[in-house]
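I opened this model to look up its fold, its salt bridges and its surface patches. My notes are below the display.

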Amino acid sequence: MTQLDGVVKPKTKRSKRFLESRAPKLIEDVKTAMIMKGGNTSQTITQALKDIYALKKPNAVLYKKKNITRPFEDSTSLEFFSKKTDSSLFLFGSHNKKRPNNLIFGRLFDFHVLDMIELGIEKYVSLSDIKASKCPEGTKPMLVFAGEAFDTDNEHKRLKSLLLDFFRGPTVSAVRLAGLEHVLHFTALDGKIYMRSYRSLLKKSGCRTPRIELEEIGPSCDLVLRRTHLASDDLYKLAHRRPKALKAKKKKNISHDVFGTKFGRVHMQKQDLSKLRTRKMKGLRKRKANVVAEEQGGQAPKVAKEAENTE
């Protein structure tokens, strides 16, 4: 590939396909996450990165080598790896005396760090510690957020948005009931965030709708919020801007309610009710004008004389 005036021009068909895959699209591909560990890690962080990678597969890249970097001080290495692997999400794990068992969730916009949130692990139970059947690889999870902080606090709001981006998986047009088997539950309570992972079991209930039970499969961890690096409101709004081609065109006189029911309004001209044809009844028939006039004058109606037949 050659670069002329800042524009990369491919020389081969292979490089052309590569550039086309990296070019901006109206509907972007599924977001890929980079999962990497820092220079110093603990057994808890190493196991946590492996378990989250197992939940995120196949849309994740796991780096096994150590990366001596500090994302909050210098994010150039993260941006380099992001451009190399075409990843817009990352998870960085580290461990030191000041911040033990440290996890950094982050995302990038245009290969530059948009926001980062640092979480500390206080208690961790891995996938292998819980003896239960696991969900298949690539299962799209159902995300549940409980706690008032996710709706009121600005940092928790961004954390909720970041976790949705990280674990949501591919966008699908339809789902089947048997495919809804993985549940990720996040609870914000007393300054901590509790992450739990469940597998939904469909049991017989005696009717058409099955009875649902939740079985914990791991990983399970208690997190505490530490440092944050949040994007400005203008940059955050720019990152969420949608192309005009994807915006739904507003149709006149059509509305939807909260349940998705479609309502339409039809405009008609004013009707002339005098020409409206109704059901004909004997009592509503119009009578002749002379008969009506005689009844109003008090005259008895004329009786037709019968003709006498003479022979």
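The entries run from the whole chain down to single residues.

**Ground rules.** I am reading a predicted model, where local features need pLDDT of at least 70, side-chain atom pairs count only at pLDDT 80 or more, and totals for chains, interfaces and linings use all residues. Residues are numbered from 1 along each chain as its sequence is written, and side-chain values use heavy atoms, with hydrogens and water left out.

**Whole chain.** I looked up the secondary structure and found seven helices and 14 strands. These are DSSP runs numbered from the N terminus: helices are H or I with at least four residues, strands are E with at least two. The protein chain has 311 residues, and 31% of them are buried. Buried means under 20% relative accessible area, exposed over 50%, and partly exposed in between (1.4 Å probe, protein chains only). I noted an accessible surface of about 23100 Å², with 52% of it on carbon and sulfur atoms. Areas come from the Shrake-Rupley method with a 1.4 Å probe; for residues, only the protein chains shown count as cover. Next I checked contacts, meaning heavy atoms within 4.5 Å. Of those between residues at least 6 apart in sequence, 65% join residues at least 24 apart.

**Salt bridges.** I used this rule: a side-chain nitrogen of Lys or Arg within 4 Å of a carboxyl oxygen of Asp or Glu. The count is twelve salt bridges.

I started with Lys 31 and Asp 165, whose closest N and O atoms are 3.1 Å apart. Lys 31 sits in the loop between α1 and β3 (33-37) and Asp 165 in helix α5 (residues 154-167), so this pair ties together parts 134 residues apart in sequence. Lys 31 is partly exposed at 35% relative accessible area. Asp 165 is buried at 13%.

Then I took Glu 118 and Arg 99, a salt bridge with its closest N and O atoms 3.6 Å apart. The pair links distant parts of the chain, 19 residues apart: Glu 118 is in strand β7 (residues 112-125), Arg 99 in the loop between β5 (89-94) and β6 (102-109). Glu 118 is buried, with a relative accessible area of 0%. Arg 99 is partly exposed at 21%. I also traced shared partners: salt bridges join Lys 31, Arg 107, Asp 115 and Asp 165 into one network.

**Surface patches.** Patch residues have over 30% relative accessible area and no salt bridge; like charges are joined within 9 Å, nonpolar side chains (Val, Leu, Ile, Met, Phe, Trp, Tyr) within 5 Å. I found Lys 13, Arg 14, Lys 16 and Arg 17 gathered in a patch of positive charge. Lys and Arg count as positive, Asp and Glu as negative; His and the chain ends are not counted. The place of a charge is NZ of Lys, CZ of Arg, CG of Asp or CD of Glu. Lys 16 lies in helix α1 (residues 13-22) and is partly exposed at 46%.

The nonpolar patch I noted is Leu 177, Leu 202, Ile 212 and Leu 214, together about 390 Å² of accessible area. Leu 202 is in strand β10 (residues 192-203). Its relative accessibility is 40%, partly exposed.

**Ser 220.** What does Ser 220 contact beyond its neighbours within four places in sequence? I listed Lys 123, Tyr 124, Val 125, Met 195 and Arg 196. Ser 220 is in strand β12 (residues 220-229) and is buried at 8% relative accessible area. I also noted 9.4 Å between the C-alpha atoms of Ser 220 and Ile 130, 90 residues apart along the chain.
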